[in-house]
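Please look through the following protein model, for which a briefing is set out below.

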Amino acid sequence: MRVLGYADAYLGFLTGAQVRADASARVCDVGCGTGAFAEGWAAIYGPSADITLVEPSAPMLARAQAALTRRGLSPTTQQAGLSDFTPDQPFDHLLLAHVIE
C-alpha cells in the first residue's frame, strides 16, 4: 500500500482539512482494506479515537486491525459490505476511499 502512495495521499488529505476533528471522535472506515486511511487518521489525531473498521474481506479486515493495533488503537471490526453494515450509533466521521468504483 505504501508503495502506491495511498498512505501519503491520505495523510495529505487529512492534514489539509479546513476543520480539525475532535481527537475522541467516533470514526468509521468503510471498505477499509488494509486500514491505510484509518491509520492516517490515527497518525494525525492519536489513539484516542473510537475507530470502527468495516470490510467485506476477512483477510483485509484482519490486516487493517493489525495495522491499527500497532499504532496503539483497539478498533472495532465488522465484516460487512457497504450495503450490509448497520451501525448501532451514528459516527462523527466516515472515511471512504475506493469504495464505489
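**Briefing on the model**

At 46% relative accessibility, Leu 82 counts as partly exposed, a class that lies between buried, under 20% relative accessible area, and exposed, over 50% (1.4 Å probe, protein chains only). This is a predicted model, in which local features need pLDDT of at least 70 and side-chain atom pairs count only at pLDDT 80 or more, while totals for chains, interfaces and linings use all residues. Residues are numbered from 1 along each chain as its sequence is written, and side-chain values use heavy atoms, with hydrogens and water left out.

**Overall make-up**

- The protein chain has three helices and four strands, where helices (H or I, at least four residues) and strands (E, at least two) are DSSP runs numbered from the N terminus.
- Read from the N terminus on, the elements follow the order α-β-α-β-α-β-β.
- Of the 101 residues in the protein chain, 42% are buried.
- Among contacts (heavy atoms within 4.5 Å) between residues at least 6 apart in sequence, 70% join residues at least 24 apart.

**The sheet**

- Four strands form an open sheet in the order β3-β2-β1-β4, with parallel pairing; two strands count as paired if DSSP finds at least two bridges between them.
- The edge strands, each pairing on one side only, are β3 (76-79) and β4 (93-96).
- From one strand to the next, the twist averages 20 degrees.
- Strands β1 and β2 run parallel and are joined by five bridges, and in β2 the bridge partner of Arg 26 is Asp 50.
- Strand β2 (residues 50-55) also runs parallel to β3, to which four bridges join it, and Thr 52 stands opposite Thr 76 in β3.
- Strand β1 is largely enclosed by the rest of the structure, because five of its five residues are buried.
- In a regular strand the side chains alternate between the two faces of the sheet.
- Both faces of β1 are covered, with Arg 26, Cys 28 and Val 30 buried on one side and Val 27 and Asp 29 buried on the other.

- Helix α2 (residues 36-45) is mostly covered, since nine of its ten residues are buried, among them Phe 37, Trp 41, Ile 44 and Tyr 45.
- Gly 46, which follows α2, has a positive phi, near 85 degrees.
- Helix α2 packs on the sheet, touching β1 (26-30), β2 and β4, and its direction makes about 135 degrees with that of β4; axes here are lines fitted to C-alpha atoms, for helices over the stretch in contact, and angles run from 0 to 180 degrees between N-to-C directions.
- Helix α3 (residues 58-70) likewise packs on the sheet, touching β2 and β3, and its direction makes about 160 degrees with that of β2.
- Ala 62 lies in helix α3 and, at 43% relative accessibility, counts as partly exposed.
- Although Ala 62 and Gly 33 are 29 residues apart along the chain, their C-alpha atoms are separated by 9.3 Å.

**Salt bridges**

- The structure holds two salt bridges, each defined as a side-chain nitrogen of Lys or Arg within 4 Å of a carboxyl oxygen of Asp or Glu.
- One is formed by Asp 50 with Arg 26, the closest N and O atoms being 3.3 Å apart, and this pair links distant parts of the chain, with Asp 50 in strand β2 and Arg 26 in strand β1, 24 residues apart.
- Asp 50 is partly exposed, with a relative accessible area of 31%, whereas Arg 26 is buried, with a relative accessible area of 17%.
- In another salt bridge, the side chains of Glu 39 and Arg 71 meet at 3.5 Å, N to O.
- Because Glu 39 lies in helix α2 and Arg 71 in the loop between α3 and β3, this pair ties together parts that are 32 residues apart in sequence.
- Glu 39 counts as buried at 12% relative accessibility, while Arg 71, at 39%, counts as partly exposed.

**The surface**

- The accessible surface of the protein chain comes to about 5,800 Å², of which 53% belongs to carbon and sulfur atoms; accessible areas come from the Shrake-Rupley method with a 1.4 Å probe, and for residues only the protein chains shown count as cover.
- Leu 82, found in the loop between β3 and β4, makes a nonpolar surface patch of about 280 Å² together with Leu 94 and Leu 96.
- Patches are made of residues with over 30% relative accessible area and no salt bridge, with like charges joined within 9 Å and nonpolar side chains (Val, Leu, Ile, Met, Phe, Trp, Tyr) within 5 Å.
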